[in-house]
Amino acid sequence: MTATHEPKQDRSRATRQRLLEATIDCLAEIGWAAATVAVVAERAGVSRGAAQHHFPTREDLITAALEYMFDTRIAQSKAEAAALRSASAGSAQGSAHTEAVVSQLVESYTTPLFKAALQVWTHAAADPALRARILPLEARFGRITHRLAVEALGVDDSDPVAHHLVQATLDLARGLGLADVLTDDSARRRQIVHQWAATLHVGLYPPG
């Protein structure tokens, strides 16, 4: 019985994932208004009926896509943090490591995932029902991102100064991500990352 149903379940999961990925692509590339269920279904290569079987309303589809988006960004952040820890294993917590962490955090806000999320946030600002769905996801993502940043920097988050410096870094990262939406802001962004990382390092690890 299990063997009979597994292929169908696998197909269902694959269809669902294609729809979620297509939703993210559509939001990032063509915006909220154009990312309809019909357009997403066509991008995913499934019928509109199949899309609505998985997600009865557009809001269901968008909310699920945003949750998938957050989970994907968290997984990427964990992998990048692990790579940084591996690269700096056995060495002192130097300014180069701090800058690498800041750079990673900032660049995570310049991806298509962030641009897709931005489309949803903008629409949710004027849609109370959608906002109510999105706020818990955003709060969870914010908590996890903050914790990962604390771990990557190797600081004590119970210290109010460290806590606020880490949060300021995340707020800066989001702001720089917004600045990159309309034009390529990479050159200026690298300069700001370099300067802020130096300031952050002194704040987190004061000499003496």
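Colleague: What share of the contacts in the protein with a separation of 6 or more comes from residues 24 or more positions apart?
Modeller: In this predicted model, residues 24 or more positions apart account for 70% of the contacts with a separation of 6 or more.

Colleague: And what is the secondary structure of the protein?
Modeller: The protein comes to nine helices and zero strands, and its C-alpha atoms fill a box of roughly 65 × 45 × 30 Å along the principal axes.

Colleague: How many of the residues count as buried?
Modeller: Of the 208 residues of the protein, 40% count as buried.

Colleague: Let's turn to helix 5, then; at what angle do helix 5 and helix 7 pack?
Modeller: Helix 5, which covers residues 95-107, packs against helix 7, residues 128-153, at an angle of about 160°, and their axes are 10 Å apart. Angles over 145 degrees count as roughly antiparallel, so helix 5 and helix 7 are roughly antiparallel to each other.

Colleague: Which residues make that contact?
Modeller: On helix 5 they are His97, Thr98, Val101 and Leu105, while helix 7 contributes Ala149, Ala152 and Leu153. By class, the contact has five nonpolar, two polar and no charged residues.

Colleague: Which residues of helix 5 are buried?
Modeller: The buried residues of helix 5 are His97, Thr98, Val101, Val102, Gln104, Leu105 and Val106.

Colleague: One more on helix 5: what should its 13 residues span, and how far apart are its end C-alpha atoms?
Modeller: At 1.5 Å a residue, the 13 residues of helix 5 should span 18 Å, and the end C-alpha atoms are 18 Å apart, which agrees.

Methods: Residues numbered from 1 in each chain as written. Predicted model: local features only at pLDDT ≥ 70, side-chain atom pairs only at ≥ 80, totals over all residues. Heavy atoms only, no water. Axes fitted to C-alpha atoms, helices over the stretch in contact; angles between N-to-C directions. Helix = DSSP H or I, 4+ residues; strand = E, 2+ residues; numbered from the N terminus. Parallel < 35°, antiparallel > 145°, perpendicular 65-115°, else oblique. Contact = heavy atoms within 4.5 Å. Nonpolar A, V, L, I, M, F, W, Y, C, P; charged D, E, K, R; others polar. Expected span 1.5 Å × (residues − 1). Buried < 20%, exposed > 50% of the residue type's maximum accessible area, 1.4 Å probe, protein only.
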